[in-house]
Amino acid sequence: MAIAKAERLMNLALCLLGTRRPLSKRELRDSIEAYVEAFGSGKGAASSDDSFNRMFERDKDDLRELGLVIETVENLDGEVGYLARRDSNRLPAITLDAEEAAALGLAAKVWQQARLAGAASGALQKLRAAGIPEDVDPYEAHGALEPRIPVHEAAFEPLMLACRDRRPASFDYRKANAARPEPRTVEPWALECWRGHWYLAGWDRDRGAERVFRLSRITGKVRTRSGKYTAEVPDVVTVRETVASWAGETADRSALIRLRTGAGYPLRAKAVSVRELGEGWDELEIPYGHGLDAWLVEFGPDVVVLEPAELRADVVDRLRAVAKG
């Protein structure tokens, strides 16, 4: 049914674009095979006329939603006709300067994921065919470096499509302090890469609140669902700001931890100070903000919280929850 409708809309668009004069409903009905097969010629029964009129109006509205400019013209006899003038439906010429063209070329090189790589290269070829310069590359001097956005998670592609199509999705998700994954149903809003990890922001139907999910913690297959969103999608989705807050990036305090020598390099990179304790341990002062306890739990026995006491208690509680399963 979807293919048949797409073919019908395409034939209607071609008729409206190919005519030099307005075509009446009757002429369009007799010219498009799908209408003839469904309703017969333009002199059919009144019931079929009503059905055709409803379908034609829906098809016309669909084409207009897709961007086709359809004019309605009334002739001297009072008969209404339709046409889509080519000059009204022609995109303006593409004009890009050298820096804009280089930025597009750089963006096309970013994606490693196969599905996006094909779309990006195809779009770039079309732009080059339209005349954008291809011999100017401000990054040529750094040709040994090539920008990439790695995508290793199997959940990325189905969630990307769910965000694009505004379709709810279900998946199993394992939190940092949980031993087993739990089923989640989410209305996806946006995907964003931060510090080498991909995150999904959306409305969690089970919790009735906005949530951010790390794709590497999604287990099993992502299943999309039909139906509309139940929550309003915000104009701006602050994925990075939310994750940064949870990771303690907006910290205004410090915590003192003991870290096993040779372990926890992400913690060492954030450390304000590092002091060797000997016997295979170091003492680190790190920024302390919301979510630091969940992050420290991921390092297991390589980390011991010294202070503050509230952070130590939170980490111990999370470890006990994991131990209980």
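In what order do the three strands of the open sheet lie? Let's take that as our first stop, bearing in mind that this is a predicted model.

**Stop 1: the open sheet.** Select β1, β2 and β3: the order across the sheet is β1-β3-β2, and the pairing is antiparallel. Colour the edge strands, β1 (23-24) and β2 (71-74), and you will see that each pairs on one side only. Now bring in β3 (residues 80-83), which is joined to β1 by two bridges. Show side chains for Leu23 and Tyr82 here, as Leu23 stands opposite Tyr82 in β3.

**Stop 2: the nonpolar core.** Next, select Leu12, Leu16, Leu28, Tyr35, Phe56 and Leu63. In the largest nonpolar core, which has 17 residues, these touch the most other members.

Which residues is Tyr35 in contact with, leaving aside its neighbours within four places in sequence? They are Arg8, Leu12, Leu28, Arg29, Gly40, Phe52, Met55, Phe56 and Asp59.

**Stop 3: a hairpin.** Pick out Val274, and opposite it in β11 you will find Leu284. Then follow the chain into the turn: two residues lie between the strands of this hairpin, and Glu279 in the turn has a positive phi of about 55°.

Methods
Residues are numbered from 1 along each chain as its sequence is written. This is a predicted model: local features need pLDDT of at least 70, side-chain atom pairs count only at pLDDT 80 or more; totals for chains, interfaces and linings use all residues. Side-chain values use heavy atoms; hydrogens and water are left out. Two strands pair if DSSP finds at least two bridges between them. Helices (H or I, at least four residues) and strands (E, at least two) are DSSP runs, numbered from the N terminus. A nonpolar core is a set of buried Ala, Val, Leu, Ile, Met, Phe, Trp, Tyr and Cys residues joined through side-chain atoms within 4.5 Å. Buried means under 20% relative accessible area, exposed over 50%, partly exposed in between (1.4 Å probe, protein chains only). Contact means heavy atoms within 4.5 Å.
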